[in-house]
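Please walk me through this model in the viewer, one selection at a time. I would like to know what to pick next and what is there.

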Amino acid sequence: MSTKKILLSGIKPTGRPHIANYFGAMRQFVELQDAHDSFYMIANYHGLNTIQNGPEMADLTLNLAIDYLAVGLDPAKSTIFKQSDVPEHAELAWIFDTITTMPYLMRAHAFKDAEAKNKEISVGTFNYPMLMAADILIYDTDIVPVGADQKQHVEYARDTAEKFNRIFGETFKLPEPKIIEGVAVVPGIDGQKMSKSYNNTIPLFAEDDEIRSLCMKIVTDSKTPAEPKDPDTDNIFALHKLFSADQLAEIESRYREGGMGYKESKELLAENIIKFITPLRERRKEIAADPDHVKQILKDGGEKARARAITKMTKVKEKTGLSF
Ligand code: ADP
Ligand code: TRP
C-alpha cells in the first residue's frame, strides 16, 4: 500500500478554463502529482447546475480532460476521471444531506452570493457543499488543492466528516485545504474575481489575437501615462505578477514614479501571456487530435476511482446500518 498522502481536486466543466484556474488550481495539480496519490476529477455533476444541454456538457467535459493533460497531468501518476463515473459520490452526498441542516448550508458564500443577486437557486446549487464533501471524503483525502475561493467548501467537508464520525463512529479522515499563497484571487478583465460565470476571463488556451484584445479591455482608473500609479490596486499589475516575474521590479518602480501608461502596461502583459501560453496551446492541439485516447484515459481513471469509492461506501453502509 502506498504511503503517499491522498490528494483530490476538481474543476467544473462549465466553460473554457482560464488563467486564474491555472494559477489558482491547475498548476498546483501538476506540481503535486509526483509526491501524492492524486485524484483529479471533472466535476460534471456540479457542472449540471449551470450546463443543461447534453451535447454541450459532453463537449465541455472532453475538452476539460484535454486541458488537464495539456497542462501536464499524467495518467501514469494521477487518477483523472469524470465525477459521474463514480455515482457513489451522489449516494454519499445523500447520506450527508440527512445529517446536515438548512441553516448551515445557508451560510455558504456561494449560496449567499446567488441569493444576493436574486438568482433562482437550484436545489443542486444549495446542496453543492454536501456533494463536494462527498467528493473529498469518499477517498480518505488528506489534501485538497484549490483557489482561496474554495476554502469554505473544504471546511464544510471537514465539518461534515466530524459530524458523521460523531454520530456513526470514526469513518472519515479530516481533509486540509492547500491554497497557493500570492495568487489568492486573480482578478478578471473587469476587476471582479476572474470566473467563467462572469464572462471576464483570459482563457488559458486563447489565440494570440484574443489575448491581445482581452488585455486591452482590462479595466483601469483614468490616470495619464505621466501620473504615478498604485501597483497594489491596478488589475494589469495583478496579472503582471503572474506573467512578468523578471520585469516586475522595473514595472513596479515605473508605476510608482509615473511614466508608464496603462496602454504600454497592457501591451507588455499581452506579449508575456502569449509567450507563456504558446507552448501549452501547441501541446493541447496534439492531444486534441486523438479524442479516443483521452476518452480511454477517463474510462480507466473512472474505474480506478470507483473501486476505491465502493470500498469506502461499504464501510459507510455498515456504519449507518444501510447494509448488514
Ligand atoms: P470558475 O469560477 O471560473 O467557474 P471554478 O469554480 O471551476 O472556476 O474553479 C476551478 C479552480 O480554479 C478552483 O480551485 C478555484 O479555486 C480556482 N479559481 C477559480 N477562479 C479563481 C480566481 N479568480 N483566482 C484564483 N483561483 C481561482
Ligand atoms: N467546487 C469546486 C470549484 O468550484 C470544484 C469541485 C467540486 C472541487 N468538487 C471538488 C474542488 C472537490 C476540490 C475538491 O472550483
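**A tour of the domain interface**

Begin by selecting Arg 284 and Asp 67 in this predicted model; their side chains form a salt bridge, with 2.5 Å from N to O. Across the interface of domain 1 and domain 2, two salt bridges are found. Polar contacts between domain 1 and domain 2 come to five residue pairs, both partners at pLDDT 80 or more.

Next, select the elements on the domain 1 side. Two or more residues of the side that touches domain 2 come from each of α1 (19–32) and α3 (54–71). Of these, α3 contributes the most, six residues. Colour that side of domain 1 by class: eight residues are nonpolar, two are polar and two are charged.

The domain assignment places 6–185 + 291–320 in domain 1 and 205–284 in domain 2. In the contact, domain 1 supplies 12 residues and domain 2 supplies 11 residues.

Which residues of domain 1 lose the most area to domain 2? Select Ile 19, Phe 23 and Ala 70: together they account for 45% of what the domain 1 side buries.

Definitions and conventions: Residues numbered from 1 in each chain as written. Chains lettered and ligands numbered in written order. Predicted model: local features only at pLDDT ≥ 70, side-chain atom pairs only at ≥ 80, totals over all residues. Heavy atoms only, no water. Domains from an automatic or database assignment. Contact = heavy atoms within 4.5 Å. Buried area = accessible area lost by both parts, 1.4 Å probe. Salt bridge = Lys/Arg side-chain N within 4 Å of Asp/Glu carboxyl O. Polar contact = N/O pair within 3.5 Å; in protein donor to acceptor, adjacent residues only side chain to side chain. Helix = DSSP H or I, 4+ residues; strand = E, 2+ residues; numbered from the N terminus. Nonpolar A, V, L, I, M, F, W, Y, C, P; charged D, E, K, R; others polar.
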